[in-house]
Amino acid sequence: MKVLPCTWAFHIKCFPDSLVKKFKARFCVCGDNQTEDVNFFKTWSPVVQSSTVRTMLLLSTKLGLHPAQANITAAFVHSELDLDEHIFVHRPPGFCRGHDLVLSLNRSVYGLCQAPR
C-alpha cells in the first residue's frame, strides 16, 4: 500500500479594486508519486476533436443559432473512484486528529491521475 502525500493550495480572490472577495482552499494530492497498476489502472482525459467544433459552429451559423458554452467548475471533485481502486493519502497539514492516520479517498481530488474521469 502506497500512501500519497497531499497539500493545500490557497488562493485569494479579489475585486477589481483589490478588495478581498473571498479566500479559497483546494485539497491536492501529489499524483506524480502514483505508480501505474498500483495506484491507478487507467487514465482518461476529456477532449474534443477540432472537426466536431467546426461542424457545430457551421451548423449553428447555417441554422441561425447562437452558440453558448457551459462549464462544470467542480467536475474533478464530483467523480467517484472505481471500487477496485484504493487510494490512501497522508493527513493534510493542519489536520490534527491522531498521529498515524491516513485517509482513504472515495472521490477524486486535484492532482490524481484519475481526476479527469
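The structure is a predicted model, in which local features need pLDDT of at least 70 and side-chain atom pairs count only at pLDDT 80 or more, while totals for chains, interfaces and linings use all residues. Residues are numbered from 1 along each chain as its sequence is written, and side-chain values use heavy atoms, with hydrogens and water left out.

Of the 117 residues, 19% are buried (under 20% relative accessible area, 1.4 Å probe, protein chains only). Among contacts (heavy atoms within 4.5 Å) with a separation of 6 or more, 63% link residues 24 or more positions apart.

Turning to secondary structure, the chain holds 2 helices and 5 strands, taken as DSSP runs numbered from the N terminus (helices H or I, at least four residues; strands E, at least two). Their order from the N terminus is β-β-β-α-α-β-β. Helix H1, residues 50-62, spans 18 Å from first to last C-alpha over its 13 residues, close to the expected 18 Å (1.5 Å times one less than the number of residues). After H1 comes Gly64, with a positive phi near 70 degrees.

Three strands form an open sheet with mixed pairing, ordered S1-S4-S5; pairing requires at least two DSSP bridges between two strands. Strands S1 (3-4) and S5 (102-104) lie at the edges, each pairing on one side only. S1 and S4 (residues 88-90) run parallel and are joined by 2 bridges, and Val3 stands opposite Phe88 of S4.

Note on methods. Buried < 20%, exposed > 50% of the residue type's maximum accessible area, 1.4 Å probe, protein only.
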